[in-house]
Amino acid sequence: MARAFRATTRGYKADLETHERRLISQLCADVITLLQQRGKEVDGDTAATDQQDEFDHFRRELAGLGAQYLENEQEQAENDDDAQPGLEPPTDEVLARLLPDAAEDADEAAQLRRLSESSLRESKISDLQTARMALESDPVILTEEQAPVFGRAINDVRLTLAARLGIETEDDAEKVHNIAGQGKAATTDEFMAELYAFTTWLQETLFSAMLDVMPEEQDR
Amino acid sequence: MSSTAGSTLTREEADLSEQQRAAANRPYQVVVWNDPVNLMSYVAWVFRSYFGHSKEKAKKLMLQVHHEGRAVVATGPREQAERDVTAMHNYGLQATVEEAE
């Protein structure tokens, strides 16, 4: 039986069964695959490396866009609206939830997505990979630095399961928790519901422990 | 616009850049939206650790998101607001940038 995260002198510690660690790690791997597929779809081969983007940036300067480009990148991005189409949101419900619009206006969101989605995807993939590493050890022990990273990754797994389970309201979430509480999962949805409840519990205990030891700070 | 390098800047162009400067300096706000998946403890933790909000303010904002559906969690220059929104997305929170009222 798994034992929840708690703060210890060595870090945040949780005792998980081997199959539990493997399952969560596999879920992280599935989310990584999804994000990578999206990357291939939207970036293609040309923008595969950051280096290429840097040169692109540089060439635009050379092409006569001037120093203003660097001074006011945002404004330049807006002037480029005609030249560079925005990036459409993913159609897959999981990807749409993991990579949401950054503005309510669809056109503005598409422009922002073009600028930020790629780095967001990379951050998430990096978090998920760190979580997979942490899940290799028994018990799972997280340092102060690793804990938020692990928490973000687990949250992405929860968001993924929630999107697949169609959780859109608080009532939906409640229903999923009730299904999970019955035990003996027979269908894929019941199994996903159990995983959702398990990862929710794991994340709740981790962040409760983190909040307990968090020093009180003044407003910035 | 960039081809004027070395030439005399006209009045209109000067005015335009003035306006653009003003536009760039207009405050923007980061809005976090309610969703049924993110845990209250997690959201409060994110507000405290990322924005440096106090325990009380983080809790107040978290409850505002929960009950009213949305809350403005930060205000600042557009670039900063956009960075904050991307950070919120990295934490899995639903967030958008908008011009401050």
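**View 1. Arg70(B) and Glu98(B) meet in a salt bridge in chain B.** Their closest N and O atoms lie 2.9 Å apart; a salt bridge here is a side-chain nitrogen of Lys or Arg within 4 Å of a carboxyl oxygen of Asp or Glu. The pair links distant parts of the chain, with Arg70(B) in strand S2 (residues 70-76) and Glu98(B) in strand S3, 28 residues apart. Helices (H or I, at least four residues) and strands (E, at least two) are DSSP runs, numbered from the N terminus. Arg70(B) is partly exposed at 25% relative accessible area, whereas Glu98(B) is buried at 15%. Buried means under 20% relative accessible area, exposed over 50%, and partly exposed in between (1.4 Å probe, protein chains only).

A note that goes with every view: this is a predicted model, in which local features need pLDDT of at least 70 and side-chain atom pairs count only at pLDDT 80 or more, while totals for chains, interfaces and linings use all residues. Residues are numbered from 1 along each chain as its sequence is written, chains are lettered from A and ligands numbered from 1 in the order in which they are written, and side-chain values use heavy atoms, with hydrogens and water left out.

View 2. If you trace the chain along its sequence, the pattern reads α-β-α-α-β-α-β. Of its 101 residues, 48% are buried.

**View 3. Chain B meets chain A through 39 residues of its own and 50 residues of chain A.** Contact means heavy atoms within 4.5 Å. Together the two chains bury about 3700 Å², 51% of it on carbon and sulfur atoms; buried area is the accessible area (1.4 Å probe) that two parts lose on being put together, summed over both. Look for Val37(B), Trp45(B) and Asn90(B), which supply 18% of the area that chain B buries against chain A, more than any other three residues.

**View 4. Glu108(A) and Arg78(B) form a salt bridge across the two chains.** The closest N and O atoms of this pair are 2.8 Å apart, and the count between chain B and chain A is 2 salt bridges. On the side of chain B that touches chain A, helices H1 (11-25), H2 (40-51), H3 (55-68) and H4 (78-90) and strand S3 (94-99) each supply at least two residues. H2(B) gives the most, with 7 residues.

View 5. Leaving out residues up to four places away in sequence, Asn90(B) touches Leu120(A), Ser123(A), Lys124(A), Asp127(A) and Arg152(A). Asn90(B) counts as buried, with a relative accessible area of 13%. Two of the residues it touches, Asp127(A) and Arg152(A), have side chains that meet in a salt bridge (2.7 Å, N to O). That pair links helix H6 (residues 106-134) to helix H7 of chain A, across 25 residues. Asp127(A) is buried at 5% relative accessible area, and Arg152(A) is buried at 12%.

**View 6. Glu93(A) and Arg164(A) form a salt bridge within chain A.** Their closest N and O atoms are 3.1 Å apart. Glu93(A) sits in helix H5 (residues 93-98) and Arg164(A) in helix H7 (residues 146-165), 71 residues apart. Both ends are partly exposed: Glu93(A) has 41% relative accessibility, and Arg164(A) has 35%.
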